[in-house]
Amino acid sequence: MEKITAPSHLLTRRRLLQLSGMSSVGLLLSSCGTSLLSESVGSLTEPLNLKVGELLLKPQTPVPEFPISAIEPQALLVNGNPTPQIDLEKYRLIIDGEVNQPMQLSVADIYKLPLTSMVMRHVCVEGWAAIVQWGGVRLRDLLNLAQPKSQVRYAYFQSADRDSDGIPFYESWDIASVLHPQTLLAYQKNGQPLPPDNGAPLRLASPIKLGYKQSKWVTRVTLTSNLIPPKWLTEIASASNWNARKGYWIDQGYEWFGGI
Ligand SMILES: Nc1nc2c(c(=O)[nH]1)N[C@H]1C(S)=C(S)[C@@H](COP(=O)(O)O)O[C@H]1N2
Ligand SMILES: [Mo]
């Protein structure tokens, strides 16, 4: 199997940071030894290298939110595949992969967890944006219950919908973005129950990611130590003769990190 390493744009951005940091630090500290230099260069890349345990203990700084009055109810367009039929009685959110406590949660289980809401801007790369309020559970709270193993670096998200060729929507995220305190699995939109077209019963919502990263109709979260598709994905992919790698849109050329 092809080994997929960190995406090149990420490495490039980090490399640039390292290089620019290195030249200024190098000029200022030209008389110092290399150990200090390499330490400061190391700390520049730290946010991306933080371990799952540290991220769970110490949440990242939230990004500023909008006031409720800024919500634009008409601006959020429904975008993506046709809405799949989901039987809420049978629905379970699976959390598995490299975790100590794999879980299957019903909608009722999820509603018992603390509800968080936030007002953020949803940005679609197709040229529209909307300020929207999402309510739901913090993904970090859910994953805390599943106890991720220390080597976890990524999450793969399975969705219930398929495109016109029968290819299912899926996504993969870096663990820092997954555990960000404003990354939610949402079941409310603008204070109302989440409509099926917007991803009910559960969708990703996060102010740090572009629209195409925010999976609707999420059915499974699989934690992994590398960006190699989990078994459930390779099985569906081989059945439809398609090369699944990092995400429905990413496989078609969109940028993987998809940050805002
Ligand atoms: N499962 C799934 N999630 C998806 C999509 C999709 O087609 N399927 N489209 C994405 C895109 S491109 C955008 S902009 C947002 C749109 O969310 P909305 O329909 O709630 O506005 O959902 C994202 N999540
Ligand atoms: Mo989008």
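These exercises walk through a predicted model, each with a worked solution. Local features need pLDDT of at least 70, side-chain atom pairs count only at pLDDT 80 or more, and totals for chains, interfaces and linings use all residues. Residues are numbered from 1 along each chain as its sequence is written, chains are lettered from A and ligands numbered from 1 in the order written, and side-chain values use heavy atoms, with hydrogens and water left out.

**Exercise 1. The nonpolar cores**

Task: Find which residues of the largest nonpolar core touch the most other members.

Solution: 
- Start with the term. A nonpolar core is a set of buried Ala, Val, Leu, Ile, Met, Phe, Trp, Tyr and Cys residues joined through side-chain atoms within 4.5 Å. Buried means under 20% relative accessible area, exposed over 50%, and partly exposed in between (1.4 Å probe, protein chains only).
- Now read off the members. The largest core has 31 residues, and Leu93, Ile95, Phe157, Val178, Leu185 and Val221 touch the most other members.
- Next, look for the main contributor. Helix α6 (residues 139-146) gives the most to this core, with four residues. Helices (H or I, at least four residues) and strands (E, at least two) are DSSP runs, numbered from the N terminus.
- Then look elsewhere. A second, separate core holds 18 residues, including Ile167, Tyr212, Leu233 and Ile250.
- Contact means heavy atoms within 4.5 Å. Leaving aside neighbours within four places in sequence, Val221 is in contact with Leu93, Ile94, Ile95, Asp96, Leu143, Ala155, Tyr156 and Phe157.

**Exercise 2. Two aromatic pairs**

Task: Describe how the rings of Tyr111 and Tyr187 are arranged, then do likewise for Phe157 and Trp173.

Solution: 
- Pick the two quantities. A pair of aromatic rings is described by the distance of the centres and the angle of the planes.
- Apply the rule. Rings of Phe, Tyr and Trp (its six-membered ring) pair if their centres lie within 6.5 Å; planes under 30 degrees apart count as stacked, over 60 as edge-to-face and the rest as tilted. The count comes to 10 aromatic pairs.
- Take Tyr111 and Tyr187. Their centres are 4.6 Å apart and their planes 45 degrees apart, so the pair is tilted.
- Tyr111 lies in helix α5 (residues 107-111) and Tyr187 in strand β7 (residues 184-189), so the pair ties together parts 76 residues apart in sequence.
- Tyr111 is partly exposed, with a relative accessible area of 45%. Tyr187 counts as buried at 10%.
- Take Phe157 and Trp173. This pair is edge-to-face, at 5.7 Å centre to centre and 75 degrees between the planes. Phe157 is in strand β5 (residues 154-162) and Trp173 in strand β6 (residues 168-174), 16 residues apart. Both are buried.

**Exercise 3. Ser172**

Task: Is Ser172 buried or exposed, and which side chain makes a polar contact with its side chain?

Solution: 
- Locate it. Ser172 is found in strand β6.
- Read the accessibility. Ser172 is at 0%, so it counts as buried.
- Find the partner. The side chain of Ser172 makes a polar contact with that of Trp256, at 2.8 Å. A polar contact is a pair of N or O atoms within 3.5 Å; within protein, one must be able to donate a hydrogen and the other to accept it, and residues adjacent in sequence count only if both atoms are side-chain atoms.
- List its other neighbours. Beyond four places in sequence, Ser172 touches residues including Ala155, Tyr156, Lys213 and Leu227.
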